[in-house]
Amino acid sequence: MNVKQLKLHDFIEDFVEIDYNTFLEIDKSKCKTKSVTTDLKEEYRKPIDTLIRDHQFCQFHLQQKINRDLKKFIKENNLNENEINILYQQKKRINSIIYAQNIKNAIKMLEDILNNKKNYYKPIIEI
């Protein structure tokens with residue numbers, strides 16, 4: 001199935017920054033998208049929900065946030081090399097969920113983490 005990915009520049013000749021509500025209105029009028037992919041900005045969530053579209057996060061931006069959160073956690077908690085290795089092994093579990101081939105596998109991996117919370121560092125559970 002070839003799904004067209006909605007991009008801002010599909011609707012305007014010169015790529016300029018426009019208000020996200022304007023973008024969502026353009027989307028609504030020109031294209032019948034099933035989902036919208038954004039970075040992690042909170043302000044996108046409500047307008048996208050209003051349009052009754054599925055909202056997913058850009059994997060690149062999600063990975064950036066995860067890396068920032070883990071680096072901050074390491075620094076704040078002065079983790080040693082072994083603890084850092086464990087944390088990054090746990091991050092691999094999160095990546096397995098993000099890049100899962102299907103939702104069933106992702107849910108299974110997520111449930112495994114949530115059922116074993118005590119074995120995971122706090123930022124992994126928060127992710």
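**Exercise 1. The fold at a glance**

How many helices and strands does the secondary structure of the chain come to? Find them, then read off their order.

*Solution.* Keep in mind as you work that this model is predicted. Start by counting the elements: there are six helices and two strands. Next, walk along from the N terminus, and the elements follow the order α-β-α-β-α-α-α-α. Finally, look at the chain in total. Of its 127 residues, 31% count as buried. The accessible surface comes to about 9,800 Å², and carbon and sulfur atoms hold 50% of that. Taking the contacts between residues at least 6 apart in sequence, 36% join residues at least 24 apart.

**Exercise 2. An aromatic pair**

Search the structure for aromatic pairs, and work out why the pair of Phe 73 and Tyr 121 is edge-to-face.

*Solution.* The search of the whole structure turns up one aromatic pair. Begin with the distance: the ring centres of Phe 73 and Tyr 121 are 5.7 Å apart, and rings pair if their centres lie within 6.5 Å. Then take the angle. The planes stand at 65°, and angles over 60 degrees count as edge-to-face. The pair is therefore edge-to-face.

Now place the two partners. Phe 73 belongs to helix α3 (residues 59-77), while Tyr 121 sits in the loop between α5 (103-115) and α6 (122-126), so the pair ties together parts that are 48 residues apart in sequence.

**Exercise 3. A glutamine and its partners**

Is Gln 90 buried or exposed? Decide, and then find its partners.

*Solution.* First locate Gln 90, which is in helix α4. Its relative accessible area is 7%, and buried means under 20%, so Gln 90 is buried. Next, look at the polar atoms of the Gln 90 side chain. One lies 3.0 Å from the backbone oxygen of Asn 119. The backbone nitrogen of Tyr 121 also has a polar atom of this side chain 2.9 Å away. To finish, list the contacts of Gln 90 beyond its neighbours within four places in sequence: Asn 119, Tyr 120, Tyr 121 and Ile 124.

**Exercise 4. An asparagine with positive phi**

Where is the place of Asn 78, and what is its phi near?

*Solution.* Asn 78 is in the loop between α3 and α4 (81-98). Its phi is near 50°, a positive value in a residue other than glycine. For comparison, most residues other than glycine have a negative phi. Now test the accessibility: the relative area of Asn 78 is 68%, and the cut-off for exposed is over 50%, so Asn 78 is exposed.

**Exercise 5. A residue in a strand**

Classify the accessibility of Thr 37 and find its contacts.

*Solution.* Thr 37 is in strand β1 (residues 35-38). Its relative accessibility is 37%, so Thr 37 counts as partly exposed. Leaving out neighbours within four places in sequence, Thr 37 is in contact with Gln 56, Phe 57 and Cys 58.

**Exercise 6. Lining a pocket**

Which element gives the most to the lining of the second largest pocket?

*Solution.* Begin with the volume of this pocket, about 790 Å³. Of the 31 lining residues, Leu 62, Ile 66, Ile 94, Ile 98 and Ile 127 are the closest to its centre. Next, sort the lining by element: β2 (54-57), α3, α4, α5 and α6 each supply at least two residues. The answer is α3, which gives the most, with eight residues.

Terms used:
Residues are numbered from 1 along each chain as its sequence is written. This is a predicted model: local features need pLDDT of at least 70, side-chain atom pairs count only at pLDDT 80 or more; totals for chains, interfaces and linings use all residues. Side-chain values use heavy atoms; hydrogens and water are left out. Rings of Phe, Tyr and Trp (its six-membered ring) pair if their centres lie within 6.5 Å; planes under 30 degrees apart count as stacked, over 60 as edge-to-face and the rest as tilted. Helices (H or I, at least four residues) and strands (E, at least two) are DSSP runs, numbered from the N terminus. Buried means under 20% relative accessible area, exposed over 50%, partly exposed in between (1.4 Å probe, protein chains only). A polar contact is a pair of N or O atoms within 3.5 Å; within protein, one must be able to donate a hydrogen and the other to accept it, and residues adjacent in sequence count only if both atoms are side-chain atoms. Contact means heavy atoms within 4.5 Å. Accessible areas come from the Shrake-Rupley method with a 1.4 Å probe; for residues, only the protein chains shown count as cover. On a 1 Å grid over the protein atoms alone, a cavity is a set of points where a 1.4 Å probe fits but cannot get out, and a pocket is an open set with protein on both sides within 12 Å along at least five of seven lines; lining residues have an atom within 4 Å of a point. Grid points are joined across faces, edges and corners, and a volume is the space filled by probe spheres set on the points.
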